[in-house]
Amino acid sequence: MSATDIIPLTGNHERYEDTYYNAFYKIAQKEFFVEKVSQYFDTKVMKILTNAFDRDEEFSILSVGVGEGPHEFHILKSLQTCYASISSVSVDPNESMVQTFKDRVASLNVDNKPPITFQAFNGSLTEFATTSTLARTKYHLITSIHSLYYTADLQTTFSQLTSMMKDDGFIIVVCKKGDLISESFSKFAFLREAIPSYIPLTSTDVKEFAESQGLNVIASDVNMQWDITEVFDDRSDFGNKLLDFFTQTAYFRQTAPSEVVDELMNFWRSISISTEDENGRMLSPCHDEILVISK
Ligand SMILES: C[S@@+](CC[C@H](N)C(=O)[O-])C[C@H]1O[C@@H](n2cnc3c(N)ncnc32)[C@H](O)[C@@H]1O
């Protein structure tokens with residue numbers, strides 16, 4: 001595979017948004033996943049936050065790799081039921097995805113509800129941490145939901161995040177514990193070489209690193225299965241979008257040699273469960289973890 005032919009997915013914002021929200025989001029049953037994370041936030045995290053922070057304070061939240069903010073939208077709605085006012089800062093290089101989030105947040109600013117101020121930084125976490133005056137604030141809560149795969153190494157990322165967290169603040173990280181994407185990047189050197197900016201990070205790596213820094217971590221599992229059947233059909237537009245998201249490459253089928261595509265397909269077949277019904281859907285197990293991190 002020639003590295004020059006390969007286009008990292010994060011380098012093509014339009015394709016990223018299309019493959020993530022129009023294909024991957026669907027097979028990963030993200031609506032259901034968002035509900036699970038929201039439930040956990042409401043039943044466990046809200047209690048921790050309201051015990052730690054006065055309801056009269058302005059509550060500040062920093063969201064890293066927010067995308068369209070499906071989780072953060074729910075989090076803001078819940079915070080609005082408890083705090084007098086909220087300041088929300090979002091960091092993401094994909095401007096159009098954040099615009100969708102911004103529009104949704106605007107709908108929460110209605111009479112008789114606590115106001116939410118919204119500011120977005122268009123760039124990476126490192127650019128934010130090193131150039132933005134908003135990075136000098138100490139936040140009550142920082143969220144990084146399925147975005148640590150794109151930031152710097154754990155040492156750098158954690159020093160950036162903890163420097164922006166209040167001493168009694170919290171970081172919520174949602175990260176895969178193991179799935180087809182992390183397993184593919186671990187197994188195939190050609191993927192790691194083609195997309196060096198993508199870190200095949202697992203929640204175990206994050207948890208172990210945070211604990212080694214003396215931080216406290218509370219973890220909760222979310223287990224699901226992805227229906228990846230369409231990825232095996234090379235004529236399927238939906239399947240090709242999934243293929244791009246799984247390899248973190250824009251237009252993988254057109255840019256990678258066919259033997260490389262075949263190797264991946266064989267691997268994915270080997271780790272999937274074929275359903276016994278007449279459709280013979282191919283299901284791939286996926287384990288995620290929600291981590292609540294504090295000093
Ligand atoms: C898998 S998506 C998750 C989006 C959203 N949190 C969600 O759960 O739907 C990863 C997000 O990280 C963003 N991202 C990519 N590189 C980044 C970086 N260096 N710093 C911060 N965010 C980044 C992407 O643009 C994308 O919005």
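A polar contact is taken here as a pair of N or O atoms within 3.5 Å; within protein, one atom must be able to donate a hydrogen and the other to accept it, and residues adjacent in sequence count only if both atoms are side-chain atoms. The model is predicted, and local features need pLDDT of at least 70, side-chain atom pairs count only at pLDDT 80 or more, and totals for chains, interfaces and linings use all residues. Residues are numbered from 1 along each chain as its sequence is written, and side-chain values use heavy atoms, with hydrogens and water left out.

The ligand is surrounded by 19 residues (a heavy atom within 4 Å), and the closest are Tyr20, Tyr21, Gly65, Asp92 and Ile145. A polar side-chain atom of Tyr21 lies 3.0 Å from an oxygen atom of the ligand, and for Tyr20 a polar side-chain atom is likewise placed 3.0 Å from a ligand oxygen. A polar backbone atom of Leu125 lies 3.0 Å from a nitrogen atom of the ligand. On its own the ligand has 590 Å² of accessible area, of which the protein covers 94% (Shrake-Rupley method, 1.4 Å probe).

Helix H1 (13–27) and helix H3 (70–80) each supply at least two residues of this shell (helices being DSSP runs of H or I, at least four residues, and strands runs of E, at least two, numbered from the N terminus), and H1 gives the most, with three residues.

Elsewhere, Lys295 and Asp167 form a side-chain salt bridge at 3.3 Å, N to O (a side-chain nitrogen of Lys or Arg within 4 Å of a carboxyl oxygen of Asp or Glu). Because Lys295 lies in the segment after strand S10 (282–294) and Asp167 in strand S6 (residues 165–178), the pair ties together parts that are 128 residues apart in sequence.
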